[in-house]
Amino acid sequence: MTGAGVFGLGCTLCALAPGYWWFAAALALSGAAVMTFVNGTNSIMQLSTETSMRGRVMALRVGIGLGGMTAGAPILGWVANHFGPRWPLAVAAGADITAALVAAYILVRQNEPRPAQQSVR
């Protein structure tokens, strides 16, 4: 969640950077955040998956990641072509920040106490 949020912040800073040095600094932040995100999600998926299913789960993860790129790249290319090079970064920032907020919402919901269920006799 933190990696996605910081990556969204880095993409926002990249989109708003007034010069090359600010852009380079924002890219360094984005690079560190994406590495944190990728390594964290990889570890969580491998450690929380049953040993006999680990290869299948990781294959699905890679397939979804590559499939997302094949769908997203033409869309972001179109945005860059019509609106300029800063806008795909802004779109990516919005998607990353939205993903971080959804993850935060899910984590909060999981930690809420649930009402006791009544047993039927």
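Helices (H or I, at least four residues) and strands (E, at least two) are DSSP runs, numbered from the N terminus. Just after helix H3, glycine 84 takes a positive phi of about 110 degrees. This is a predicted model, in which local features need pLDDT of at least 70 and side-chain atom pairs count only at pLDDT 80 or more, while totals for chains, interfaces and linings use all residues. Residues are numbered from 1 along each chain as its sequence is written, and side-chain values use heavy atoms, with hydrogens and water left out.

**Overall fold**
- The protein has 4 helices and 0 strands, in the order α-α-α-α from the N terminus.
- Its radius of gyration is 19 Å, whereas a compact globule of 121 residues would come near 14 Å (taken over C-alpha atoms; the globule rule is 2.2 Å times the number of residues to the power 0.38).
- Along the principal axes, the C-alpha atoms fill a box of roughly 70 × 35 × 25 Å.
- Buried residues make up 16% of the 121 (buried means under 20% relative accessible area, exposed over 50%, partly exposed in between, with a 1.4 Å probe and protein chains only).
- Of the contacts between residues at least 6 apart in sequence, 52% join residues at least 24 apart (contact means heavy atoms within 4.5 Å).

**Helix H3**
- Helix H3 covers residues 54–83, 30 residues in total, and reaches 42 Å from its first C-alpha to its last, close to the 44 Å expected at 1.5 Å a residue (the expected span is 1.5 Å times one less than the number of residues).
- At glycine 72, H3 has a kink of about 30 degrees, shortly before proline 74 (the bend is the angle between axes fitted to the seven residues ending at a residue and the seven starting there).
- Glycine 77 also belongs to H3 and is partly exposed at 38% relative accessibility.

**Aromatic pair**
- The whole structure contains 1 aromatic pair (rings of Phe, Tyr and Trp, the last by its six-membered ring, pair if their centres lie within 6.5 Å; planes under 30 degrees apart count as stacked, over 60 as edge-to-face and the rest as tilted).
- Tryptophan 78 and phenylalanine 83 form this edge-to-face pair, at 5.8 Å centre to centre and 80 degrees between the planes.
- Tryptophan 78 is partly exposed, at 47% relative accessible area.

**Cysteines**
- There are 0 disulfides (a disulfide is a pair of cysteine sulfur atoms within 2.5 Å).
- Cysteine 11 is buried at 4% relative accessible area, and cysteine 14 is buried at 3%.
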